[in-house]
Amino acid sequence: MSSSTQTIPSPTATPRHICVVMDGNGRWAKKRFLPRVLGHKHGVGTLETMAARCSELGVAYLTVFAFSTENWRRPEDEVSFLMKLFMRALKVEAEKMHQNNMRLKVIGSRSRFSPEIIAGIEAAEALTAANTGLTLTVAADYGGRWDILQATNQLIREGKTEITETDLAARLMLAEAPEPDLFIRTGGETRISNFMLWQMAYAELYFTDVLWPDFDAAELDKAVQSFQKRERRFGRTSEQLPPELQRS
């Protein structure tokens with residue numbers, strides 16, 4: 001992964017890498033007088049739709065924030081359901097992804113997951129490892145600050161006494177992927193919420209009031225169209241950009 005603060009990424013009309021905070025599952029369920037957990041269940045279907053549409057558009061990487069380091073603070077019954085849902089999704093969705101030539105990766109700390117979930121993660125990653133289509137990365141028990149700290153601690157263990165951007169970027173959880181071009185957050189909140197803090201230095205931000213279970217292919221297209229209207233300067237002036245990259 002090259003750093004956008006050191007090199008200028010090649011311009012693309014379609015985002016190479018989209019990252020998403022999938023917010024609003026509980027509120028979607030509450031509006032329908034349903035248990036919060038059913039909102040999360042519907043959200044899995046939305047993610048399947050999102051991955052399929054990203055693949056059609058030519059997006060290479062889709063990274064979603066499924067469970068943060070802070071989400072362990074939620075009610076115990078909700079956390080328990082989320083873990084069961086995660087386990088089921090690893091079994092069912094990974095097989096669908098494999099059939100569609102997609103690759104699945106899971107990033108984050110695994111220390112608090114059960115042995116069954118860890119085994120499910122490893123099996124899903126192994127099943128899809130050789131696929132060449134969209135890479136879907138699920139961030140689970142992940143935090144942006146945690147990511148930077150684990151990379152720094154790894155460098156310390158290696159005996160590094162002076163750390164460069166290149167050193168740190170190579171040890172982040174998404175070192176193999178380009179930095180995100182587009183960040184999407186559903187559900188009406190306008191926060192990054194400790195997601196990929198290092199990698200999103202130059203990401204274009206898109207916030208929508210649409211709750212995650214209602215975020216369909218048409219809504220994704222709106223986000224991509226918004227991205228295509230942005231002028232991405234990476235520190236330069238508008239006049240320094242090629243004419244085709246300037247936005248009126």
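Buried here means under 20% relative accessible area, exposed means over 50%, and partly exposed is the range in between, using a 1.4 Å probe and protein chains only. By that scale Met196 is buried, with a relative accessible area of 0%. Welcome to a quick tour of a predicted model, in which local features need pLDDT of at least 70 and side-chain atom pairs count only at pLDDT 80 or more, while totals for chains, interfaces and linings use all residues. Residues are numbered from 1 along each chain as its sequence is written, and side-chain values use heavy atoms, with hydrogens and water left out. Helices (H or I, at least four residues) and strands (E, at least two) are DSSP runs, numbered from the N terminus.

**The largest pocket**

- A pocket is an open set of points on a 1 Å grid over the protein atoms alone, where a 1.4 Å probe fits and protein lies on both sides within 12 Å along at least five of seven lines; its lining residues have an atom within 4 Å of a point.
- The largest pocket holds about 1,000 Å³ of space, where volume is the space filled by probe spheres set on the points, and points are joined across faces, edges and corners.
- Its lining has 43 residues, and Met22, Asn25, Phe65, Ala66 and Phe67 lie nearest the centre.
- Two or more lining residues come from each of helix 1 (25-31), helix 2 (36-57), strand 2 (61-68), helix 3 (76-99) and strand 4 (135-142).
- Helix 3 gives the most to this lining, with ten residues.
- The lining divides into 23 nonpolar, nine polar and eleven charged residues; Ala, Val, Leu, Ile, Met, Phe, Trp, Tyr, Cys and Pro count as nonpolar, Asp, Glu, Lys and Arg as charged, and the others, Gly among them, as polar.

- Asn25 is found in helix 1 and counts as buried at 9% relative accessibility.
- Contact means heavy atoms within 4.5 Å; leaving aside neighbours within four places in sequence, Asn25 is in contact with Arg36, Gly39, His40, Gly43, Trp212 and Pro213.
- Asn25 and Gly187 are 162 residues apart in sequence, and their C-alpha atoms are 8.3 Å apart in space.

**Nonpolar cores**

- A nonpolar core is a set of buried Ala, Val, Leu, Ile, Met, Phe, Trp, Tyr and Cys residues joined through side-chain atoms within 4.5 Å.
- The largest core has 40 residues, and Ile18, Val20, Met50, Leu62 and Ile184 have the most contacts inside it.
- Helix 3 gives the most to this core, with eight residues.
- A second, separate core has 14 residues, including Ile107, Leu174, Met200 and Ala203.
- Beyond four places in sequence, Val20 is in contact with Met50, Leu62, Thr63, Val64, Phe65, Ile184, Phe195 and Trp212.

**Aromatic pairs**

- Rings of Phe, Tyr and Trp (its six-membered ring) pair if their centres lie within 6.5 Å; planes under 30 degrees apart count as stacked, over 60 as edge-to-face and the rest as tilted.
- The count by this rule is nine aromatic pairs.
- Phe65 and Phe195 are stacked, at 4.4 Å centre to centre with 10° between the planes.
- This pair links distant parts of the chain, 130 residues apart: Phe65 is in strand 2, and Phe195 is in the loop between strand 5 (182-185) and strand 6 (204-207).
- Both Phe65 and Phe195 are buried, and together with Tyr142 and Trp146 they form one aromatic cluster.
- Phe67 and Trp72 have ring centres 4.9 Å apart and planes at 80°, so this pair is edge-to-face.
- Phe67 is buried at 4% relative accessible area, whereas Trp72 is partly exposed at 23%.

**The loop between strand 5 and strand 6**

- Ser193 lies in this loop and is partly exposed, with a relative accessible area of 29%.
- Beyond four places in sequence, Ser193 is in contact with Phe65 and Arg185.
- Met196 lies in this loop too and has a positive phi of about 50° although it is not a glycine.

**Another positive phi**

- Most residues other than glycine have a negative phi.
- Asn101, in the loop between helix 3 and strand 3 (103-107), has a positive phi of about 60°.
- Asn101 is partly exposed, with a relative accessible area of 31%.
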